[in-house]
Amino acid sequence: MSVIQFKQLTFSRAGKTLVEAASFQLHPGHRVGLTGANGAGKSTLFALLRGELTPDVGELLMPPQWVIAHVAQETPALAQSALDYTLDGDEELRTLQLHLAQAEAGADIDPLQLADWHQRLADIEGYSAQSRASALLAGLGFSQAQLSKPVSDFSGGWRMRLNLARALMCRSDLLLLDEPTNHLDIEAVIWLEGWLSAYRGTLLLISHDREFLDNTVNHILHIEQQQLTLYRGGYSDFERQRAEKLTLQQASYQKQQLQMAHLQKYIDRFRAQATKARQAQSRIKALERMERISAAHVDSPFTFGFRALGSSPDPLLVMNQMALGYSGQTLVKLGHLAIRPGERIGLLGKNGAGKSTLIKALAQSETLLAGERVEGKDLRIGYFAQHQLEQLVASDSPLQHLQRLDSQTREQELLDFLGGFDFRGEMAKSPCGPFSGGEKSRLALAMLIWQRPNLILLDEPTNHLDIEMRHALSMALQAYEGGMVMVSHDRTLLATCCEKFVLVADGQATVFDGDLDDYKQVLLNAPAGNASSEPVAAKQNSYHQQKADRQARLVERRPLVKAISALEAQMATLEQEKRALDNQLADSAVYEAAQRELLQSLLKAQGENQKQLALIEGQWLDAQEQLEMLPEIE
C-alpha cells in the first residue's frame, strides 16, 4: 500500500465529535492544504496521522514504511549548535555518522558492514548534508554566524524556525506542517514556497495564508460540519467550488451582495487614481479577484466594520530625520514620512530589520533616538501588537473590556458589536483567560475598532486568525477611511489593503518603488546561493536596473515592431486585392471584345498590385532581419 486511506473514519476530542464517516484517499505526491474553522479538528487529524491518537470508528491506513516529519512545538534550551540541531532531523544520517565515528575511533567493525555504511551514506547524500542544512537555515533567515550559535541563544520565534528547518531536513515520505509561516517574514515565506514546490513526498499543510496555500498545494481538504471534503486545486479553486454551493442559498446570496457592495465602493474610490500609481492598478486587480471569490465567505461568522471616524487632521502624523532604536543604539533611520487620512502603508523587510521598531515609533516616542515626531490635532491612534494580548484582563469578559472603554453605551449595543467578532451568547460574558490566541486577537481588534482611531497601526494582526476572520478584517480595512500602517507576512492582506510600501532594510526605511510582485522579484533576483547574504537594497537596485534595461530594449524594438505590424496589415490588404483581381481575370467574359477596356484596366491593376506587394514584402523582410539582430526581451 502506498496511499493514505480514510475508511469511514470518525474521530473526536474531549467528547466532541469533530469528523464523522470520512472516506477518501491521499496519493503519493499530493500536496494538501487542510482548512476549516478553528476547533474543527485540523490539529487532531494531524495527531491521528502521527499515531498519537486513534479514531473512534473506522480505519486510518498508512503505508508502514513511510517516514513522517512534523514541526515540534517546543524546543529545549540546548547547548547544541543550530546547524547540528538541524542535522538531527535526518535520523538515519545521524545513526550512520555515529557508526562511522565509532569505527574511526577504533571499534571492531566488520569491513563489509563498514562498506555498507559508507555506501548507504552516499546513497542518502550524507556527504552533502551539512551544506544542505546550511542552505535550509539560510533560506529561513539565519546568517552564517548564527549557524554555530547554541539553540539556547535564540528567541522563541527563531527556535520555531529551527524546528521547521529540522523537519525539512528529514528525508520524509509525509510532511506535516501546522501554520509554518506564523514566525516567518515574507522573504522566508517565499523561500519556503520554493522549497515545498521541489519536495517529492506527500505534504499536508495547515495554513490560514491564502496565497501561501495557492502557491504550495494542489488539493484542499476542508473540515466543515463534521465532514471532510477533498477538493482539487489550490485554495482559490476551492473557494470558487465552495462558492457555487453557497450561492444557491438565498439568504447567503443577499449577504454576499452586501459584501460585494463594500468591495465595489472601494474599487470605485480607487479607480480614479489608477493612472497615478502602478500600485493602484495592482490593487484594483486584487480587489476584483476578491469580488469573484467573496461568495465563499458568505456564511462567515464575522461581520464588522469601523465606526464613523469624525474629524481627522491632515496630515495625521509626520516623522522627520528619525533615528530609531534602543539603549542609544540606532537600528533604522528614516528621512521623512507623512501619513495622511486614507493612506495605507505596508512595511516590508526581514524579521529583525526594524519594522516593529518603526511602528512603535509611530505609536509613541519610546524608540525615537533622534528626529521629530509631529502629531496632528485630534490624532487618535489604534495600535495592535501581539504583546497587547497579554494586557487583556484574564478574569474579565469581552463585554467588560468594552464597558471599561465606554461606560455610556447600552449593553445590548456592545453585545451586538461583539457578535460581529463571533463573541455571542455566554462567550461574550465569559472570562477571556481561557480563550485561544485567535479569540484573544479578535477581542483586541474589537477593542481597537470600538475606539474609532483615525490612524491604525497593525503589527502582524493575522497571527492566530483563521481565513474567515482574515477575510472579514480585510473587508473592514478596505472600507476604513483613516490612515493605516501595517506589518504582516500575509501577502493577501497586504495586497488588498495597502497601496504604498516602505522597505525597512540595511538600516534604512525608504519608500519601495513597486508592489508585492515587484518585491518578490527583488527577493528572487539574487544569484543562486546568495539569496540571504545580498542586502535587500542591492537586490532592489539590481532589479530596477534590469527593469530599466528591459524598458530600453522595448523602446529600441518598438518602432520596428510597429512598422512590421503596419506592413503586415498592408500585405493583407494587397493579398485580398490580388485574390479579387485573379477572380475577375478568371472570368472568360472579360476577354470578349466588348470588355477590352475593362480587361486592360484589370491587367494594369494586377501589375501594380504585384509590384506593390513585392515592395512591401521586401520591406517586411528587412524589418524582421533588423528586429532579430536586437537583444531579446526576457
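This is a predicted model: local features need pLDDT of at least 70, side-chain atom pairs count only at pLDDT 80 or more; totals for chains, interfaces and linings use all residues.

Me: Why is H13 called roughly parallel to H15?

Reply: Helices here are DSSP runs of H or I with at least four residues, and strands are runs of E with at least two, numbered from the N terminus. The axes of H13 (residues 398-405) and H15 (residues 437-450) come within 10 Å and cross at roughly 25°. Axes are lines fitted to C-alpha atoms, for helices over the stretch in contact, and angles run from 0 to 180 degrees between N-to-C directions. Angles under 35 degrees count as roughly parallel, over 145 as roughly antiparallel, 65 to 115 as roughly perpendicular and the rest as oblique. H13 is therefore roughly parallel to H15.

Me: Which residues make the contact of H13 with H15, and how do they divide by class?

Reply: Contact means heavy atoms within 4.5 Å. Pro398, His401, Leu402 and Leu405 of H13 meet Leu443, Ala446, Met447 and Trp450 of H15. These residues are 7 nonpolar, 1 polar and no charged. For the classes, Ala, Val, Leu, Ile, Met, Phe, Trp, Tyr, Cys and Pro count as nonpolar, Asp, Glu, Lys and Arg as charged, and the others, Gly among them, as polar.

Me: What makes H5 oblique to H6?

Reply: The axes of H5 (residues 129-139) and H6 (residues 156-169) come within 10 Å and cross at roughly 140°. H5 is therefore oblique to H6. On the H5 side the contact is made by Ala129, Arg132, Ala133, Leu136 and Leu137, and on the H6 side by Leu162, Ala165, Leu168 and Met169. By class this contact has 8 nonpolar, no polar and 1 charged residues.

Me: Why are H5 and H7 also called oblique to each other?

Reply: H5 packs with H7 (residues 186-198) at an angle of about 140°, their axes being 9 Å apart. The two helices are therefore oblique to each other. Ala135, Leu136 and Gly139 of H5 touch Ala188, Trp191 and Trp195 of H7. That contact holds 5 nonpolar, 1 polar and no charged residues.

Me: What makes a space in the model a cavity, and how many are counted?

Reply: On a 1 Å grid over the protein atoms alone, a cavity is a set of points where a 1.4 Å probe fits but cannot get out, and lining residues have an atom within 4 Å of a point. Grid points are joined across faces, edges and corners, and a volume is the space filled by probe spheres set on the points. By this rule there are 2 cavities of 30 Å³ or more.

Me: What is known about the largest cavity and its lining?

Reply: The largest cavity holds about 100 Å³ of space. It is lined by 11 residues, of which Arg210, Arg470, His471, Asp490 and Thr492 are the closest to its centre. H16 (467-479) and H17 (491-497) each supply at least two lining residues, and H16 gives the most, with 4. The lining divides into 3 nonpolar, 5 polar and 3 charged residues.

Me: What about the second largest cavity?

Reply: The second largest cavity has about 40 Å³ of space. Its lining includes Asp185, Ile186, Lys355, Glu460 and His489. By class that lining has 4 nonpolar, 4 polar and 3 charged residues.

Me: Where are Pro315 and Gln225?

Reply: Pro315 is in the loop between H11 (278-293) and E10 (317-326), and the peptide bond from Asp314 to Pro315 is cis, with omega near 5°. Gln225 lies in the loop between E8 (219-224) and E9 (227-232). Gln225 is not a glycine, yet has a positive phi of about 50°.

Terms used. Residues are numbered from 1 along each chain as its sequence is written. Side-chain values use heavy atoms; hydrogens and water are left out. On a 1 Å grid over the protein atoms alone, a cavity is a set of points where a 1.4 Å probe fits but cannot get out, and a pocket is an open set with protein on both sides within 12 Å along at least five of seven lines; lining residues have an atom within 4 Å of a point.
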